[in-house]
Amino acid sequence: MNILLKDLKKSPEFKKVVEQEKLATQAAYEVHKLRTKLGLSQRDFATLVGKPQSTISRIETGEMNPSFQLLNEIGEKTNSTLEFKYVSSN
């Protein structure tokens, strides 16, 4: 079966997956940028924010789509703001 990408884009499920991937990518970038700005290793950053190092790694590699609550906790623990720009895939 040959499914065209444009046909998949019409699917609400496909759009949801695309949006989730965009958010995971943005989270990965923002968390990595913040950690680098603070000059911390993943382990030290994880200790600072009270999360396992594996969680920080999974966020930074895009393997994890962190909740807004988790991102807010990271921001609070580091006295920082993580900025996200919502861009619809319409």
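Predicted model: local features only at pLDDT ≥ 70, side-chain atom pairs only at ≥ 80, totals over all residues.
Start with the big picture. The chain has five helices and zero strands, so along the sequence you simply read α-α-α-α-α. Of its 90 residues, 28% are buried. Look at contacts between residues at least 6 apart in sequence, and you'll find that 59% of them join residues at least 24 apart.

The average pLDDT for the chain is 86, and 83% of the residues score at least 70. Among the elements, α3 has the highest mean, at 98, while helix α1 (residues 5–9) has the lowest, at 64.

Now find helix α2, which runs over residues 12–38. Its 27 residues reach 39 Å from the first C-alpha to the last, close to the 39 Å expected at 1.5 Å a residue. Just after α2 comes Gly39, which takes a positive phi of about 70°.

Which residues of α2 are buried? They are Glu19, Ala24, Ala27, Ala28, Glu30, Val31, Leu34 and Arg35. When you look at numbering like that, keep the geometry in mind: an α-helix has 3.6 residues a turn, so residues three or four places apart point the same way. As for what covers the buried residues of α2, that includes α3 (42–49), α4 (53–60) and α5 (68–78).

Glu30 is worth a stop. This residue sits in helix α2 and counts as buried because its relative accessible area is 11%, under the 20% cut-off. Setting aside residues up to four places away in sequence, Glu30 touches Leu82, Glu83 and Phe84.

Leu82 turns up again in the largest nonpolar core, which has 13 residues. The members that touch the most other members are Val31, Phe45, Ile59, Ile74 and Leu82. The elements giving two or more residues to this core are α2, α3, α4 and α5.

To see how one of those members is surrounded, center your view on Phe45. Leaving out neighbours within four places in sequence, Phe45 is in contact with Val31, Leu34, Arg35, Leu38, Leu40, Ile56, Ile74 and Thr78. Val31, Leu34 and Arg35 are among the buried residues of α2, and Val31 and Ile74 are listed with Phe45 among the core members touching the most others.

Technical notes:
Residues numbered from 1 in each chain as written. Heavy atoms only, no water. Helix = DSSP H or I, 4+ residues; strand = E, 2+ residues; numbered from the N terminus. Expected span 1.5 Å × (residues − 1). Buried < 20%, exposed > 50% of the residue type's maximum accessible area, 1.4 Å probe, protein only. Contact = heavy atoms within 4.5 Å. Core = buried A, V, L, I, M, F, W, Y, C linked by side-chain atoms within 4.5 Å. pLDDT = per-residue confidence, 0-100.
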